[in-house]
2 protein chains.
Amino acid sequence: MNMKTEQKKMKGPMEGVRILDFTHVISGPFSTMLLADMGAEVIKIEKPGEGEFYRAEGTKNEAGVSIVYPNYNRNKKGITLNIKSSKAVELLKKMVAKADVFVENQRPGLLASIGLGYEDLKAINPKIIYASISGFGQDGPYARKPAFDMTIAAISGLMSVNGIEGTVPTKTGAAFSDFISGIYAALGIVAALRKRDKTGEGSYVDVGMFDSILSVLDDFIPKYKVTGKEPTRFGNRRAGFAPVNVFPVKNGEYVYIAGSFQKQWEALASLIGREELITDPRFKDNTGRKQHEALLESIVEEWSLTKTSQDAVIELEKAGIPCAPVKGIGDLFKDEHIQARNSIIECDYPGIGKYAMAANPIRISNYQQPVERAPMLGEHNESILNELLGYTADDIVLLKREGVI
Amino acid sequence: MNMKTEQKKMKGPMEGVRILDFTHVISGPFSTMLLADMGAEVIKIEKPGEGEFYRAEGTKNEAGVSIVYPNYNRNKKGITLNIKSSKAVELLKKMVAKADVFVENQRPGLLASIGLGYEDLKAINPKIIYASISGFGQDGPYARKPAFDMTIAAISGLMSVNGIEGTVPTKTGAAFSDFISGIYAALGIVAALRKRDKTGEGSYVDVGMFDSILSVLDDFIPKYKVTGKEPTRFGNRRAGFAPVNVFPVKNGEYVYIAGSFQKQWEALASLIGREELITDPRFKDNTGRKQHEALLESIVEEWSLTKTSQDAVIELEKAGIPCAPVKGIGDLFKDEHIQARNSIIECDYPGIGKYAMAANPIRISNYQQPVERAPMLGEHNESILNELLGYTADDIVLLKREGVI
């Protein structure tokens, strides 16, 4: 069966929602991408000539094509608008009248200063959902500070609890504040759409990367409030439990092993042929094992170094001990579970060829996410301006000549 | 003005949605908490006697009360049901007939085995949204494997890119796979509700922690596909740019400093009184600075160690250099921005007293999230069973005696 025809029949949950996407870099594009994956019509608006940040910056292939842009902008249509031109602002406002959602992640205050703030767009379309993603949210003393994933990680306390104990506070290996704020914004948008459908009222949705990270800091905030104790980072170990860590195996690989609970520890001691440790007073409970943690880890390591990653995991799983092989990114492409669930999706992208991305993790019955490549710069100028606003081919030539699009 | 009355007037976007919450630990409770924050009626179902995992396990205060449970279960109602009793299963099914959403994060297959799978509940209520959160999703070869945040971090490649270069793959300091899968599930649920409102059809929503982490791995998956190169971890440094790192300041604190771009580097060299480095051939561009990265960092450190965190940040910001103080969790309680935006919310909790949590990061106009404490075990047994199913006080006494609730 033709995949595309099949998909057409399956109604995405966001079908019929038109989103104007005036975002760049990660948080905003990722947010609208999630909604495009679920069937929304997302129209990405970029600067004529150069496009958004990630067309020009970030990792590129040998042909100079961004490897990042096609991921966060899949399933979208693309138009160009030079919002420094008042004609472009007017054109955008005409589009707002025909849209459900407007999303932006510019510096707070920037769009209001050129007549594209929430109040401006609400005057045109009272039902509009206007969502802003920013570092620190739209108000408060830090609102206008520049924000990057790493500054948010530093100031939110995340770095203070991330990394190996006794070493420097460490940022995370992925830009979680961007991604998490993007998912929250998508959730806020869909919630606001539901409210609009019920009450007829539009909403303004304000999501900050800072607030987003605070919300996922494990139990550190309540714990500090209750105990007054500053938490610290403890790497791959686990507070109160040992042995829990990554252990080296043959061939320079690692396996994560958690002998957290008494039963698991005893199973581990047996598996590695060291039953005598179970009754050793130094290791008889977690308090003792925590005190002698490095020694205990060196004993587990003696065993792990004799195993391949695969053998270690098979033996540990059989013994009921929580464990996992530490995989690299390349391993994901060979992973049987990823293959079975199509968790990595592919498309062709001009100038790159075969391109791969993680699938949308939300699986909804009777719906399969579309996989349309991200747009070329201004690819849908003609079709969108014609279908949405009735501009003719001649109008569009003029808009181009005037530098509006 | 009475805060509660004020809130009542403001219609939450999820108002009128009834959610049966059969979840435990983090991912599930966090997911439904986000929806409760937005006005959904969330009825948490727990085992009689002991309640869910986090009532008994995890960090507790001196009185033995869990510090974790009240966070992820705020704004919910609580009932008890012993689902090993067939009468409890029947009772739950009666509730399903009057609910919009059912959420669970049990081991895949468990609920279907006791007649509470999607097909069972759909037969009772065809419009039900049934959401399952699990480690690896509901199908595929790993579906039944036990999953914890750390095993997901290991097997997803996240650990391979997290941590300091040259050291072991490292887990993150917060359980991102739990939180991110929880936010995705909330998004999937609201999207499915929208579809139901438009088409009358219910949905099954399947979210895995593994897929969730794959989706936020920066650009590693596309980059590997295009370049074939395995990425690595690089701690606080930045691939291709230097100097970017955390630097020690006076009093054992740290400041993050990013001299990524030429202009920023030159501003930094001037600020630290080392203008001569700008023309030094070793440091003239990022390629050179990357080659002599450790030396360069030691030069920046000479300067940073003479400053307090506050002074360093003031001077760096003035010079236009991206920077941030590395804060601890305790600092958050004194942060003026957090105070201005009420990003930490408080309530009283029995046996704890004053309790603090991060606010919901989704700010929606004309709506303020409620802050009702999490329920005591079975606190709403009477009210829910009476209002929803018409059970009398006598019925409820009997259900208790029979061990159903």
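Before I turn to the model, let me say that two residues are taken to be in contact if their C-beta atoms, placed from the backbone, lie within 7 Å. What we have here is a predicted model, in which local features need pLDDT of at least 70 and side-chain atom pairs count only at pLDDT 80 or more, while totals for chains, interfaces and linings use all residues. Residues are numbered from 1 along each chain as its sequence is written, and chains are lettered from A, with ligands numbered from 1, in the order in which they are written.

Let me begin with how the two chains are arranged.

As for the interface, 116 residues of chain B are in contact with 116 residues of chain A, and on the side of chain B that touches chain A the largest share, 16 residues, comes from α10(B). By class, that side of chain B has 67 nonpolar, 29 polar and 20 charged residues, where Ala, Val, Leu, Ile, Met, Phe, Trp, Tyr, Cys and Pro count as nonpolar, Asp, Glu, Lys and Arg as charged, and the others, Gly among them, as polar. Because 100% of the interface residues of chain B are also interface residues in chain A, the copies meet through the same surface.

Next, which strands form the open sheet, and in what order? There are seven, in the order β12(A)-β6(B)-β5(B)-β4(B)-β1(B)-β2(B)-β3(B), with mixed pairing; here strands (E, at least two residues) and helices (H or I, at least four) are DSSP runs numbered from the N terminus, and two strands pair if DSSP finds at least two bridges between them. β12 of chain A and β3 of chain B stand at the edges, each with a single partner strand, so one side of each is left without a neighbour in the sheet. The twist averages 20° from one strand to the next.

Where the chains join in this sheet, three bridges link β12(A) to β6 of chain B, residues 203–208, and the two run antiparallel; within that pairing, A:Ile364 has B:Val205 as its bridge partner. Helix α10 of chain B, residues 176–199, lies across β12 of chain A together with β4, β5 and β6 of chain B, and runs at about 165° to β6(B), given that axes are lines fitted to C-alpha atoms, for helices over the stretch in contact, and angles run from 0 to 180 degrees between N-to-C directions. In the other direction, β6 of chain A is joined by three bridges to β12 of chain B, again antiparallel, and A:Val207 is paired there with B:Ile362.

Finally, a few points of backbone geometry. Most residues other than glycine have a negative phi, and most peptide bonds are trans. A:Val25, although not a glycine, has a positive phi of about 65°, and its place is in the loop between β1 and α2 of chain A. The peptide bond from A:Ala242 to A:Pro243 is cis, with omega near 0°, and A:Pro243 sits in the loop between α12 and β7 of chain A.
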